[in-house]
Amino acid sequence: MSESEGKAEALADAIEHGRQARRRLAEMRGIFKRIETERASQDEKWGPLPRAHGMDKWLAILMEEVGELSQAVLQMESHDKAGDWVANFEKEAVQCMAVLVAMVQQFRRQREEAKS
Ligand SMILES: [Mg+2]
């Protein structure tokens, strides 16, 4: 391989690497957008953070959501034709992540309040 062929190959590799990175970023932005929308929906339903409960209740809420995600996974694995498991899987996974985000937000805010 000549020097110019080597440079052309390195450039092609760099372009492909950039394409893959942009694809991954777009995919993650889509997921983060869904989490953000779910967080807003939670605040509309339950009120803004901080909520008047501790991490023990947050964990119970998270486990409830994990249970719903488990149900969606079981529907998916049993090829349940009646259930809308494709939509349920993503919805429940996003709800789990949104609860975790809310937990971290509340944790941080309470830590900041404790400092002041
Ligand atoms: Mg749920």
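These legends walk through several close-up views of one predicted protein model. Residues are numbered from 1 along each chain as its sequence is written. Because this is a predicted model, local features need pLDDT of at least 70 and side-chain atom pairs count only at pLDDT 80 or more, while totals for chains, interfaces and linings use all residues.

View 1. Welcome to the overall picture. The protein chain holds three helices and zero strands, in the order α-α-α from the N terminus on. Helices here are DSSP runs of H or I with at least four residues, strands are runs of E with at least two, and both are numbered from the N terminus. Along its principal axes, the C-alpha atoms fill a box of roughly 70 × 55 × 20 Å. The radius of gyration of the protein chain is 21 Å, whereas a compact globule of 116 residues would have one near 13 Å; this radius is taken over C-alpha atoms, and the globule rule is 2.2 Å times the number of residues to the power 0.38. Of the 116 residues, 8% count as buried. A residue is buried if 20 or more other C-beta atoms lie within 10 Å of its own, exposed if 12 or fewer, and partly exposed in between, with C-beta atoms placed from the backbone.

**View 2. Helix α1 from end to end.** Follow α1 through residues 3–46. Its 44 residues should span 64 Å at 1.5 Å a residue, and the end C-alpha atoms are 63 Å apart, which agrees. The expected span of a helix is 1.5 Å times one less than its number of residues. How many of the 44 residues of α1 are buried? The count is zero, so α1 is hardly covered.

**View 3. The loop between α1 and α2.** After α1 comes G47, with a positive phi near 95°. P50 sits in the loop between α1 and α2.

**View 4. Helix α2 and its residue L62.** α2 has 23 residues and reaches 32 Å from its first C-alpha to its last, close to the 33 Å expected at 1.5 Å a residue. L62 lies in this helix, which covers residues 55–77. Is L62 buried or partly exposed? L62 counts as partly exposed because it has 18 C-beta neighbours inside 10 Å. Leaving aside neighbours within four places in sequence, L62 is in contact with C96, V99 and L100; two residues are in contact if their C-beta atoms, placed from the backbone, lie within 7 Å. Just after α2, H79 takes a positive phi of about 55°. L62 and H79 are 17 residues apart in sequence and 26 Å apart in space, C-alpha to C-alpha.

**View 5. Where α2 meets α3.** The axes of α2 and α3 come within 8 Å and cross at roughly 165°. That makes α2 roughly antiparallel to α3, since angles under 35 degrees count as roughly parallel, over 145 as roughly antiparallel, 65 to 115 as roughly perpendicular and the rest as oblique. The residues making the contact include W58, L62 and L69 of α2 and F89, C96 and V99 of α3. Axes are lines fitted to C-alpha atoms, for helices over the stretch in contact, and angles run from 0 to 180 degrees between N-to-C directions.

**View 6. Where α1 crosses α3.** The axes of α1 and α3 come within 9 Å and cross at roughly 65°. That makes α1 roughly perpendicular to α3. Among the residues making this contact are I35 and R39 of α1 and V94, A98 and V101 of α3.

View 7. At 1.5 Å a residue, the 31 residues of α3 should span 45 Å, and its end C-alpha atoms are 45 Å apart, which agrees. Which residues of α3 are buried? They are W85, E92, V94, Q95, C96, A98, V99 and A102, and they pack against α1 and α2. R109 is also found in α3, but R109 is exposed, with 12 other C-beta atoms within 10 Å. Not counting residues up to four places away in sequence, R109 touches L49 and P50.
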